[in-house]
Amino acid sequence: MTADTTVILKTNEVTLFQNLGGPGARRSCLILYSGTETGKRFVLDSHAMTIGRLPNAEIYIDTPSVSRRHAELSISGDTVMIRDLSSSNGTHVNNQRVEAPLLLKDGDLIRLGKVFLKFYEHESLDALLHDRIYRMATVDAGTELFNRQYLTDALKSEVKLARLTMRPLSVIYYDLDHFKSVNDRYGHSTGDLVLKESASVVKGIVRKVDILGRLGGEEFIVVLPGTPLAEAAELAERIRTAVEAHVFTIETDSRGAKNRVEHRQTVSLGVTQLAGDMKEVKDLLDAADRLLYLAKHTGRNKVCS
């Protein structure tokens, strides 16, 4: 019979608390308290930030009851002021309509139309808990990249912004070549390792403004805001080269003997740019998917754009 012993944790093992008190921990933030993105955190790191339905708003909320330019936050040190921008449904703080610039206090509840946000003076435990829950809903656990739902929502926003600003928007659609054979030969746990490690390789290449996510299985998308087709194709080639050059070290177990095998993986990529005849996000993805199909069926380990 084993003893029911309490495990004593070290402070650094309680991962949720690691960000508290660290660099930038005093930054103010808003937490979204309604809609499908409940828990999303907006860090207030600029001097002035617009909240609204315009895709280029610093705090973009795509909800009909929110005006295109609904409210503005003015940030100076530890103080944050909010003012309404003549919105249709008004800005309310703790159920009181904002008629003049108002200083926000920790825990204030902001209502914009039917949308609720909570203000935190710094990244408190409560804010981090919401952030953790939001990450669980938007991040793919297997690769630590954004999941399909997040990619779809992000693409909708980026297409709107590209139409509004006339900036280019490109997409890279790629998948791992012969990935089924990896699972068949080494097992699904090794396949999961190859997926995660290849995602890490690509993550090290894309820019911070790019959105990298997993559509499902071994299929991935890179959303490239403000990027014309030629630049996107160059990035795709860098991704292809980096994955091809990477050595995946796999541990195998044969009759009780453990061995290490060096695995090489390649990817095929389709690259396209948003065009005038693409009415929906699906049209953009379908165009990239057709090019990926072409790459797969004309030799693999290549870029088609």
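Me: Looking at this predicted model, which residue is the bridge partner of Leu30 in E11?
Reply: That's Phe119, which sits in E11 as the bridge partner of Leu30.

Me: How do E1 and E11 run, and how many bridges join them?
Reply: They run antiparallel, with 4 bridges joining E1 to strand E11, which covers residues 115–120.

Me: What else does E1 pair with?
Reply: Strand E2, residues 41–43, is joined to E1 by 3 bridges, and that pair is antiparallel too. Across that pairing, Arg41 in E2 stands opposite Ile31.

Me: Which way do the residues of E1 point, and are they buried or exposed?
Reply: Cys29 and Ile31 point one way from the strand, while Leu30 and Leu32 point the other way. All four of them are buried.

Me: Switching topic: what's the strand order in the open sheet of 5 strands?
Reply: The order is E4-E3-E5-E6-E9, and the pairing is mixed. At the edges are E4 (59–60) and E9 (102–103), each pairing on one side only.

Me: And in what sense do E3 and E4 pair?
Reply: Parallel, over 2 bridges, with E3 covering residues 48–52. In that pairing, Ile51 has Ile59 of E4 as its bridge partner.

Me: What holds strands together in a sheet anyway?
Reply: Strands pair through backbone hydrogen bonds, and they can do so parallel or antiparallel.

Me: Last one: what's the average pLDDT, and where is it below 50?
Reply: The protein averages 87, and 86% of the residues score at least 70. Residues 11–25 are where the pLDDT is below 50. That stretch still has 19 contacts in the model beyond near neighbours in sequence.

How values were computed. Residues numbered from 1 in each chain as written. Predicted model: local features only at pLDDT ≥ 70, side-chain atom pairs only at ≥ 80, totals over all residues. Heavy atoms only, no water. Pairing = 2+ DSSP bridges. pLDDT = per-residue confidence, 0-100. Contact = heavy atoms within 4.5 Å. Buried < 20%, exposed > 50% of the residue type's maximum accessible area, 1.4 Å probe, protein only.
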